[in-house]
Amino acid sequence: MNLRTPLGAEVLDLRAGDTVTLSGTIYTARDEAHLRMMEEGIPFDPEGAVVYHCGPVVQDGRLVVAGPTTSARMNRLTGFLIDAGVRALVGKGGMGPEVVEQLRGRGVYLALTGGCAALAAARMRLSGVYFEDLGMAEAVWIIEADHLPLTVGIDAHGGDLFRAVREKAKTQFHQRFNINQDTVS
C-alpha cells in the first residue's frame with residue numbers, strides 16, 4: 001500500500017508487519033525539536049502529519065543521508081504530537097509501551113531499517129526547515145518523500161513487532177540456557 005500525506009483513517013487498517021511506501025511531506029524531529037515544539041508549539045499542521053525520527057546530513061541544500069534515529073529516545077516526548085493529530089511516527093527500534101497505547105486507535109509507527117541512510121535520502125528531497133538554530137541534526141526539516149519503503153512496526157490495535165521479537169528472543173535464550181523464566185525477570 002502506498003500511503004500519502006496527510007494521512008487519514010487508512011492507517012488504522014494497517015497491521016504490524018505490513019509493508020508500505022510513504023509519499024508526501026514528512027517532518028524530521030529528534031529530542032531537541034520535540035522539546036522546542038512542546039514549549040513553542042508545533043510549527044506545521046499536525047493533522048495527519050508524519051514525524052520522522054531523523055538527524056539528516058544536509059549539504060548545499062540537499063539531503064546527503066537521512067537515516068532513522070533510535071525512536072525510544074522520544075518515548076516521553078511523543079504524546080503531545082499524537083494528541084495534536086500526528087498519524088505516523090517513523091524511526092528505528094520501536095517505542096515503549098506508553099507510545100503503543102498512545103497510538104491505539106489513532107496512528108502507527110513505521111520502521112525504517114537502520115544503516116540505510118543513503119538509500120532513504122535517495123527517496124527524499126528537502127523543501128524547508130523550522131528551528132534551524134537547533135543545528136543540522138536537531139532542526140525540523142521539511143522533506144518530500146517519494147515511495148519511501150517502510151514496515152508497520154506498531155499498529156493502531158496495539159500490535160508491536162518489536163515486543164514480539166523481544167519476547168521470542170527471551171524465550172529462545174531461556175530455552176537454550178535452561179533458565180526457568182519464572183525465576184528471571
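View 1. D133 is exposed, with a relative accessible area of 60%, where exposed means over 50% relative accessible area, buried means under 20%, and partly exposed lies in between (1.4 Å probe, protein chains only). This is a predicted model, in which local features need pLDDT of at least 70 and side-chain atom pairs count only at pLDDT 80 or more, while totals for chains, interfaces and linings use all residues. Residues are numbered from 1 along each chain as its sequence is written, and side-chain values use heavy atoms, with hydrogens and water left out. D133 forms a salt bridge with R36, and the closest N and O atoms of the pair are 2.6 Å apart; a salt bridge is a side-chain nitrogen of Lys or Arg within 4 Å of a carboxyl oxygen of Asp or Glu. Because R36 lies in helix α1 and D133 in the loop between β8 and β9, the pair ties together parts that are 97 residues apart in sequence. Helices (H or I, at least four residues) and strands (E, at least two) are DSSP runs, numbered from the N terminus.

**View 2. R36 and E40 within helix α1.** R36 also forms a salt bridge with E40, for which the closest N and O atoms are 3.5 Å apart. Both residues belong to helix α1, where R36 and E40 are four residues apart, about one turn of the helix. R36 is buried, with a relative accessible area of 15%, whereas E40 is exposed, with a value of 54%. Together with D133, R36 and E40 are linked in a network of salt bridges.

View 3. The structure holds six salt bridges, and one of them joins E138 to R30, with the closest N and O atoms 3.1 Å apart. This pair links distant parts of the chain, since E138 is in the loop between β8 (124-130) and β9 (140-154) and R30 is in the loop between β2 and α1 (31-40), 108 residues apart. Both E138 and R30 are buried.

**View 4. The surroundings of T5.** T5 is placed in the loop between β1 (2-4) and β2 (19-28), and T5 is buried, with a relative accessible area of 15%. Leaving aside residues up to four places away in sequence, T5 touches L22, S23, G24, T25, I26 and V50, where contact means heavy atoms within 4.5 Å. The side chain of T5 reaches the backbone nitrogen of T25 at 2.7 Å.

Terms used:
Polar contact = N/O pair within 3.5 Å; in protein donor to acceptor, adjacent residues only side chain to side chain.
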